[in-house]
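Below are some notes for a colleague who is new to reading structures. Please keep the model open while going through the points.

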Amino acid sequence: MIIDRIALIITIIGALNWGSIGIFDFDIVAWIGGGQDALFSRIVYTVVALAGIWCVSLLFRAREKFEALDE
C-alpha cells in the first residue's frame, strides 16, 4: 500500500532527525521550522509520530503474511 511506504519514509526522516540531535545536538526540524515551539515544527513532529504508530501495524501484518505462507 502507498500509505505504508509514505509512513515508512516519514518515519525514516524522523529517525534521521533524531540521529542529528543525538550525534550533533542539532534539530533539523526546529531549524527549518523556526524553533521547537513553532506551529510548523509541532505539525512535523506530530506527523512523524503518527507515521511511527502506523509503522507498528507493519510488524503485525508482516507476521500474518508469514504465518499464512507456513500453512
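1. Start with the surface of this predicted model. A nonpolar patch is formed there by Ile23, Phe24, Phe26, Ile28, Trp31, Ile32 and Phe40. Together these residues have about 840 Å² of accessible area.

2. Which elements give two or more residues to the nonpolar patch? They are H1 and H2. H2 gives the most, with three residues.

3. Take isoleucine 32 as an example from the patch. This residue lies in helix H2.

4. Next, the largest pocket. How much space lies in it? The value is about 270 Å³. The pocket is lined by 14 residues, and those closest to its centre are Gly14, Asn17, Val29, Tyr45 and Val48.

5. The lining of the largest pocket draws on three helices, each supplying at least two residues: H1 (2–24), H2 (28–33) and H3 (39–70). The largest share comes from H1, with six residues. Sorted by class, the lining has ten nonpolar residues, three polar and one charged.

6. Val48 was named among the residues closest to the pocket centre. Find threonine 11 as well, which is in helix H1. In sequence, threonine 11 and valine 48 are 37 residues apart, while their C-alpha atoms are 5.8 Å apart in space.

7. How many salt bridges does a search of the whole structure find? The search finds one. It joins the side chains of aspartate 4 and arginine 61, with a distance of 2.9 Å from N to O. Aspartate 4 sits in helix H1 and arginine 61 in helix H3, so the pair, 57 residues apart, links distant parts of the chain.

8. Arginine 61 has a relative accessibility of 26%, which lies between the cut-offs of 20% and 50%, so arginine 61 counts as partly exposed.

Methods
Residues are numbered from 1 along each chain as its sequence is written. This is a predicted model: local features need pLDDT of at least 70, side-chain atom pairs count only at pLDDT 80 or more; totals for chains, interfaces and linings use all residues. Side-chain values use heavy atoms; hydrogens and water are left out. On a 1 Å grid over the protein atoms alone, a cavity is a set of points where a 1.4 Å probe fits but cannot get out, and a pocket is an open set with protein on both sides within 12 Å along at least five of seven lines; lining residues have an atom within 4 Å of a point. Grid points are joined across faces, edges and corners, and a volume is the space filled by probe spheres set on the points. Helices (H or I, at least four residues) and strands (E, at least two) are DSSP runs, numbered from the N terminus. Ala, Val, Leu, Ile, Met, Phe, Trp, Tyr, Cys and Pro count as nonpolar, Asp, Glu, Lys and Arg as charged, and the others, Gly among them, as polar. Patches are made of residues with over 30% relative accessible area and no salt bridge: like charges are joined within 9 Å, nonpolar side chains (Val, Leu, Ile, Met, Phe, Trp, Tyr) within 5 Å. Accessible areas come from the Shrake-Rupley method with a 1.4 Å probe; for residues, only the protein chains shown count as cover. A salt bridge is a side-chain nitrogen of Lys or Arg within 4 Å of a carboxyl oxygen of Asp or Glu. Buried means under 20% relative accessible area, exposed over 50%, partly exposed in between (1.4 Å probe, protein chains only).
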